[in-house]
Amino acid sequence: MLRAILTIGLIAAAGLVHAQETTGNGDAAVLRGLDRVNGMVNDITVPVGTTVQLGTLNLTLDECRYPADNPAGDAFAHLSITEVDEVTPLFKGWMIASSPALNALEHSRYDVWVLRCAINATSSQ
C-alpha cells in the first residue's frame, strides 16, 4: 500500500516536471531486457505502435518522449507488457529511463527498462 502511494506521488511529481518541459516524440524506444535465469541481456529497438517478443513477454510501445532540447536525455516510454498468448497486461504505463525502479515491471524472470528514445538520426544506434 505504501509503495503504491509513493509510486503515485512520484509519478505525479514527474508529470509536473514533464509538463513544464517541451518534449519531442521518438520513432522508437531502445529497451534493455534481462533474463534473470540465464543472465542474458538484450537491447531491443521497438518502433512506436509495434510489438516485439522478449522471451515469453510481448513488449508493445505506444509512445516515446524525450526533452526537445536534449534528444539524448531522459526518455519516457509508454509500454504494455504481456505474457505471450495472454491478454491481461503484466505492466501498462510509463517507464522513465532515469528512474527505472519508479514504475517497474514486476516479473519473476525478466527485467525490462528504457534506455532512450530513438529518432531517425539515432534509430540505427
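This section describes an open sheet, a nonpolar core and a loop asparagine in a predicted model.

The sheet is open and consists of three strands, arranged in the order β3-β2-β8 with antiparallel pairing. Its edges are formed by β3 (40-47) and β8 (110-118), each of which pairs on one side only. On average, neighbouring strands of this sheet are turned by 25 degrees against each other, direction ignored. The antiparallel pairing of β2 (residues 28-35) with β3 extends over eight bridges. Within β3, Asn42 is the bridge partner of Gly33.

The largest nonpolar core comprises 22 residues, of which Leu31, Leu59, Leu79, Ile81, Val112 and Val114 touch the most other members. At least two residues of this core are supplied by each of β2, β3, β5 (57-67), β6 (76-83), β7 and β8. The most is given by β5, with five residues. Val112 is one of the core residues that touch the most other members. When residues up to four places away in sequence are not counted, the contacts of Val112 are Leu31, Arg32, Gly33, Leu54, Leu57, Leu59, Ile81, Met95 and Leu105.

Asn103 is located in the loop between β7 (91-96) and β8. The relative accessible area of Asn103 is 19%, and this residue is therefore classed as buried, the cut-off being under 20%. A polar atom of the Asn103 side chain lies 3.0 Å from the backbone oxygen of Trp94.

Definitions and conventions:
Residues numbered from 1 in each chain as written. Predicted model: local features only at pLDDT ≥ 70, side-chain atom pairs only at ≥ 80, totals over all residues. Heavy atoms only, no water. Pairing = 2+ DSSP bridges. Helix = DSSP H or I, 4+ residues; strand = E, 2+ residues; numbered from the N terminus. Axes fitted to C-alpha atoms, helices over the stretch in contact; angles between N-to-C directions. Buried < 20%, exposed > 50% of the residue type's maximum accessible area, 1.4 Å probe, protein only. Polar contact = N/O pair within 3.5 Å; in protein donor to acceptor, adjacent residues only side chain to side chain. Core = buried A, V, L, I, M, F, W, Y, C linked by side-chain atoms within 4.5 Å. Contact = heavy atoms within 4.5 Å.
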